[in-house]
Amino acid sequence: MAPVKFDDIPKVANEVLNDDYQVSGYVFKAKQKTAWAEAVVNTQVDIFADKACSTPAKLAWKLPSPFGVSAFNIDKLEIDKAGKFKLEASSDKAYPGLKVDCKSDLASIGKILVGCQYTGLKDASIKLETKATSPQDFTGEVTYAATPMATCGLKFSSALLSGGLPDVGVRFLHGPYFCSLLAKEGLGVYTAHAFYKATPDIKCAATYTHGGKASGNCTLGVSYQGKYKVKVSQDQSICCSAKFPIAKGFTKLVGAKYNVKKGDFSYGVQLSIE
């Protein structure tokens, strides 16, 4: 099994701290799986988010075998509220353990990205991505599951060729305990995450950043049954969230945020159909 991506190293804690917090605005989401080549349609409508349009929407399609061709997948074909496109396609048929992909905004050739991921080495993942018209402008990452409990990784860009340093990360997971550490921006910014599963229903997580513009930022969060969440941050803001199943496949998510220092208050509602 391939290790997690570099950006997912702190995912265990981030699921408690960041996921399912609808603390402003009104959103309607729908996910529909069709019988046509297993295509999936995702719809998101931000209600009253724009004065010029009360229901700006974003549409996305996923086509696992477009037009019956199984050699490649269209992972995402998206149109946002501004009429801009986003296309992501991939194929894992070229070589065992190798996945190649292509990304485009369907507007500029200069913005086409091509990449690959190789997981043929045991417990390792290697990813590379570059601009099709500027291969010297690249990014990449390597992650390795050293043991079932520990994963390490690094992420780099073309700045590495001129003496730049890669981002480095490590995570440990054992039983109910989890922690991770990321070092970014030339190893000058450190972000630590911690997680503890106190009971089958109660999960706790925290994060702290040292260095850079966000130095001193910290957040502590608690989740109950994955449905009710609350978190507090160093800026004296408090966020809470609750998820309610209305019917099978129909979920309501409500949340609120209050900043004690500024006296600001906001709330939001999200309805999801899947």
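Buried means under 20% relative accessible area, exposed means over 50%, and partly exposed lies in between (1.4 Å probe, protein chains only). The model is predicted, so local features need pLDDT of at least 70 and side-chain atom pairs count only at pLDDT 80 or more, while totals for chains, interfaces and linings use all residues. Residues are numbered from 1 along each chain as its sequence is written, and side-chain values use heavy atoms, with hydrogens and water left out.

Q: Why is Lys243 called partly exposed?
A: Lys243 has a relative accessible area of 27%.

Q: What makes the pair Lys243 and Asp20 a salt bridge?
A: A salt bridge needs a side-chain nitrogen of Lys or Arg within 4 Å of a carboxyl oxygen of Asp or Glu. For Lys243 and Asp20 the N to O distance is 2.9 Å, so the pair qualifies. The two residues are 223 residues apart: Lys243 is in strand 17 (residues 237-247), and Asp20 is in the loop between helix 1 and strand 1 (25-33). Helices (H or I, at least four residues) and strands (E, at least two) are DSSP runs, numbered from the N terminus. Asp20 is partly exposed, at 30% relative accessible area.

Q: Why do Glu78 and Lys76 count as a salt bridge?
A: Their N to O distance is 3.9 Å, and the limit is 4 Å, so the pair counts. Glu78 is buried, with a relative accessible area of 11%, whereas Lys76 is partly exposed at 27%. The structure holds 7 salt bridges.

Q: How do you know that Ser90 is buried?
A: The relative accessible area of Ser90 is 5%. That is under 20%, so Ser90 is buried. Ser90 lies in strand 5 (residues 85-95).

Q: Which residues make up the largest nonpolar core?
A: Val12, Ala13, Val16, Leu17, Phe178, Phe195 and Ala205 do. Helix 1 (residues 11-17) gives the largest share, 4 residues. A nonpolar core is a set of buried Ala, Val, Leu, Ile, Met, Phe, Trp, Tyr and Cys residues joined through side-chain atoms within 4.5 Å.
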